Amino acid sequence: MLENPNFSFSDLPDALYFSSGAGAWRTELRVEADGSFSADYSDMDMGDAGEIIPTEPNTSAALPANSLR
């Protein structure tokens with residue numbers, strides 16, 4: 001494990017994104033300066049074939065605030 005005594009959660013960007021262009025899903029992770037975090041997930045189910053292209057996420061969820069420490 002790498003440790004950095006100068007690390008601070010406030011050094012992180014406002015949000016981190018994990019996503020897939022092929023599947024049209026993403027998770028947005030927001031980490032606060034105290035280490036607490038929240039996240040949102042959405043999925044457009046773009047792999048599903050059909051006549052109607054969805055304009056809103058088919059699946060979405062919010063992860064409540066937690067602590068990384």
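This is a predicted model: local features need pLDDT of at least 70, side-chain atom pairs count only at pLDDT 80 or more; totals for chains, interfaces and linings use all residues.
1. Residues are numbered from 1 along each chain as its sequence is written, and side-chain values use heavy atoms, with hydrogens and water left out.

2. The chain has 0 helices and 4 strands, where helices (H or I, at least four residues) and strands (E, at least two) are DSSP runs numbered from the N terminus. Of its 69 residues, 19% count as buried, a class that means under 20% relative accessible area, with exposed meaning over 50% and partly exposed lying in between (1.4 Å probe, protein chains only).

3. Glu28, which lies in strand S2 (residues 25-31), counts as buried because its relative accessibility is 14%. Leaving aside residues up to four places away in sequence, Glu28 touches Ala15, Leu16, Tyr17, Ser38, Ala39 and Asp40, a contact being heavy atoms within 4.5 Å.

4. The largest nonpolar core consists of 5 residues, namely Phe9, Leu29, Val31, Phe37 and Ala39, and the elements that give two or more residues to this core are S2 and strand S3 (36-43). A nonpolar core is here a set of buried Ala, Val, Leu, Ile, Met, Phe, Trp, Tyr and Cys residues joined through side-chain atoms within 4.5 Å.

5. The count of aromatic pairs comes to 1: the ring centres of Phe7 and Phe9 are 5.3 Å apart and their planes stand at 80 degrees, so the pair is edge-to-face. Rings of Phe, Tyr and Trp (its six-membered ring) pair if their centres lie within 6.5 Å, and planes under 30 degrees apart count as stacked, over 60 as edge-to-face and the rest as tilted. Phe9 is buried, at 11% relative accessibility, whereas Phe7 is partly exposed, at 43%.

6. Ser19, in strand S1 (residues 16-20), is exposed, with a relative accessible area of 54%. Not counting residues up to four places away in sequence, Ser19 touches Trp25 and Arg26, and the C-alpha atoms of Ser19 and Tyr41, 22 residues apart along the chain, are separated by 9.6 Å.
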